[in-house]
Amino acid sequence: MRYLLQRLGFYILAFLVAVTINFFLPRMMPGDPIQSFLARLAQNGGQITPETVKALESLYGYSTSTPLWEQFFTYLQSILHGDWGMSTRFFQPVVEVLGRGMLWTLLLVGSFLLISYTLTTLGGIWVAWKRGSRFDSILTVSSVIVSSVPAVVMALMLYFVFASDLGWFPTGYAYDPALDPALTGEFIQSVLYHMALPLIAMVLLSMGNIMGMRSNMINQLGEDFIVMGWAKGITDRKVMFNYGARNAILPVITAFAMSVGGIFAGSLIIEIIFNYPGVGQVMFQGMVARDYPLIQGYLLMMTLMVLSANLIADLLLLALDPRLRTSVL
Amino acid sequence: MNTVLTTSWFRLKEFFLNNPKAAIGIVLVLGVCILCFFAPLFTDYLPNARIARPHEAPSAEHILGTTRMGRDVWSQVIYGGRISILVGLVAGIFVMFMAMVVGISAGYFGGIVDNILSFLTNVVMVIPSLPLMLVLASYLDQVSPLVIAIIIGATSWPFGARVIRAQTLSIRNRDFIHAAEVMGESKKRMVFFEVMPNMLAILGSSFISTVIYAIMTEATLEFIGLGDPLSVTWGVMLYNAQQTSAIRIGAWWEILAPSMALASLAIGLALINFSIDEISNPKLRAQKIMAKFRREQAKENKRHKAQAEGKTGSEMVGGAV
């Protein structure tokens with residue numbers, strides 16, 4: 001319990017640091033978003049009145065008249081109240097815009113996590129068990145090669161060959177725009193079909209995780225308690241899963257929590273290339289239009305995602321590793 | 001002199017024969033580096049010169065075709081690699097430097113220093129780096145490759161710092177460190193001459209992973225459109241190809257060329273890293289030993305089986321009599 005509270009305290013602090021970065025960055029940077037907005041407005045022949053400036057200041061949460069620390073607390077307050085500012089690209093609250101994309105991203109990332117971790121964990125256990133076999137050398141080397149291909153390259157190649165050239169997969173959207181979103185078989189099928197190629201790309205890119213599980217498992221298989229298991233005459237399957245894998249999976253869970261940020265970053269690239277309308281695609285549109293509130297909201301949301309993944313990993317570790325429950329940290 | 005040369009050549013050959021993965025990795029990386037850094041030897045065209053009609057398919061004259069702007073793709077790839085590789089190296093050195101300073105001081109000095117540095121590391125670690133880079137880069141507007149290297153360096157050091165801290169902690173409690181402390185060696189000497197040399201393998205492999213990460217991230221940032229569109233790098237090439245809808249009109253060479261260059265460099269570095277891991281952790285190098293073990297075991301099993309069958313056979317005969 002104490003362990004959990006400590007972690008929770010750390011996460012709250014980390015979130016505050018992210019908010020602070022978000023607050024100070026635009027104020028430290030050479031490019032002032034209000035000035036650049038005004039410049040663009042003037043270029044397009046817009047009228048600039050003191051009211052315009054005031055409206056923009058309140059839109060961005062900037063002000064030249066109030067002191068910095070007061071601005072900071074106002075900012076913090078509005079963040080905690082779910083007011084993350086207005087998107088200047090979509091003319092909607094940032095939370096709403098991001099939330100819409102988040103739905104698809106969570107679907108994509110969630111299915112990815114399920115498929116990828118099942119495949120790589122089982123694959124790693126199996127390969128470690130059969131280490132030295134031809135199967136082992138082929139699978140480990142090919143997984144290293146496949147997963148070291150840059151995400152941009154992998155996604156572009158798959159898109160070019162299977163979506164654009166061969167036309168086996170759709171070239172965009174999360175579902176067939178001709179369909180109405182409803183819980184019908186046809187709609188679900190269309191969603192799955194549109195999700196397939198991005199998912200394949202992400203799963204292929206994550207195949208390197210086999211190596212992590214493999215080396216953990218090989219290290220565990222050399223331990224005395226494994227020999228003990230053999231000596232007791234327990235079945236292979238039980239030694240493999242209950243003795244070896246249960247211990248080998250602990251570092252994988254920690255690594256998972258650390259990699260969530262990277263997974264969302266990867267889904268950003270994938271969404272941009274496959275025109276998948278997730279939060280990454282929204283972010284991309286915002287970035288092209290220099291929609292600063294949206295870009296900052298994205299950073300906050302991703303931080304929240306990583307922190308909650310860490311919390312989930314902590315809970316999982318507590319459930320799997322009894323040593324953590326009794327240790328007084 | 002001559003014998004030294006021949007023996008070292010022999011050792012090198014033996015090393016490569018024993019580590020085919022390392023050999024392929026080194027060949028790939030060296031090949032890409034040589035092509036890029038001696039680029040003028042391998043092409044007659046300047047990367048930014050308009051030398052042909054737009055979107056020409058690969059031919060003898062332009063072996064990888066031309067871009068939308070009528071530039072030679074092959075010369076863009078090999079000239080562009082220079083910047084991509086340099087950015088990877090600069091960011092890699094920056095990250096390693098930060099990681100080493102933070103990791104070694106946290107692990108070696110312990111106490112309050114460790115608490116503060118570890119907290120800092122953990123905080124930067126949970127703030128997702130790509131979104132942070134996107135925020136930084138978009139405020140700076142279109143950024144030059146050097147700035148990209150610095151941004152990557154400033155946001156990506158925590159992972160290495162954690163690994164190095166853990167390693168320092170484990171080295172710190174070994175006897176030779178205590179001995180050196182008793183001898184009254186200075187702190188600086190302790191850190192640089194006692195602790196650091198024992199981490200060379202781990203430093204090497206984190207450096208290589210950082211370089212891979214930096215090259216990929218640079219390409220990603222530029223592909224998204226945060227780079228300087230006038231510079232020639234692999235990421236910018238991909239960005240330009242995407243902008244001129246190379247995919248839709250079937251100009252595959254414009255996408256394929258930088259992609260292959262990026263992929264072969266990344267795969268080569270990953271293979272080298274993989275071999276370093278195997279060499280520094282013999283448990284993972286199980287391939288050959290285990291293969292031999294399996295063969296012996298299979299033979300043994302066969303013999304046992306044959307023996308057992310022979311036995312039951314004779315017993316049965318005995319029973320019948």
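**Why the helices are called what they are**

Tutor: Let's start in chain B, where the axes of helix 12 (residues 234-243) of chain B and helix 13 (residues 252-280) of chain B cross at roughly 155° and come within 9 Å. This is a predicted model, in which local features need pLDDT of at least 70 and side-chain atom pairs count only at pLDDT 80 or more, while totals for chains, interfaces and linings use all residues. Residues are numbered from 1 along each chain as its sequence is written, and chains are lettered from A and ligands numbered from 1 in the order in which they are written.

Student: Why are helix 12 of chain B and helix 13 of chain B called roughly antiparallel?

Tutor: Angles over 145 degrees count as roughly antiparallel, under 35 as roughly parallel, 65 to 115 as roughly perpendicular and the rest as oblique. The crossing is at roughly 155°, so helix 12 of chain B and helix 13 of chain B are roughly antiparallel to each other.

Student: Which hand does the crossing of helix 12 of chain B and helix 13 of chain B have?

Tutor: Helix 12 of chain B passes helix 13 of chain B in a left-handed crossing (the near helix is turned anticlockwise from the far one by less than a right angle; clockwise would be right-handed).

Student: What makes the contact of helix 12 of chain B and helix 13 of chain B?

Tutor: Helix 12 of chain B brings Trp234(B), Met237(B), Leu238(B) and Ala241(B), and helix 13 of chain B brings Glu254(B), Ile255(B), Pro258(B), Ala261(B) and Leu262(B). Contact here is a matter of C-beta atoms, placed from the backbone, lying within 7 Å. By class there are 8 nonpolar, no polar and 1 charged residues (Ala, Val, Leu, Ile, Met, Phe, Trp, Tyr, Cys and Pro are nonpolar, Asp, Glu, Lys and Arg charged, and the others, Gly among them, polar).

Student: Turning to chain A, at what angle do the axes of helix 5 and helix 9 of chain A cross?

Tutor: The axes of helix 5 (residues 94-129) and helix 9 (residues 209-221) of chain A come within 8 Å and cross at roughly 45°. That makes helix 5 of chain A oblique to helix 9 of chain A. Their crossing is right-handed.

Student: How do the residues of the contact of helix 5 with helix 9 of chain A divide?

Tutor: They divide into 8 nonpolar, 6 polar and 1 charged. Gly123(A) and Gly124(A) are among those from helix 5 of chain A, and Met213(A) and Arg214(A) are among those from helix 9 of chain A.

Student: What makes Asn275(A) stand out in its phi?

Tutor: Asn275(A) has a positive phi of about 50° although it is not a glycine. Asn275(A) sits in the loop between helix 11 and helix 12 of chain A.

Student: Why is Asn275(A) called partly exposed?

Tutor: Asn275(A) has 16 other C-beta atoms within 10 Å, so it is partly exposed (20 or more would be buried, 12 or fewer exposed, and partly exposed lies in between). Across chain A, buried residues make up 37% of the 329 residues.

Student: How many residues of chain A are in contact with chain B?

Tutor: 50 residues of chain A are in contact with 46 residues of chain B. Helix 13 of chain A gives the most to that side of chain A, with 9 residues. By class, the side of chain A that touches chain B has 35 nonpolar, 13 polar and 2 charged residues.

Student: How many helices and strands does chain A have?

Tutor: Chain A has 14 helices and 0 strands.

Note on methods:
Axes are lines fitted to C-alpha atoms, for helices over the stretch in contact, and angles run from 0 to 180 degrees between N-to-C directions. Helices (H or I, at least four residues) and strands (E, at least two) are DSSP runs, numbered from the N terminus. Two residues are in contact if their C-beta atoms, placed from the backbone, lie within 7 Å.
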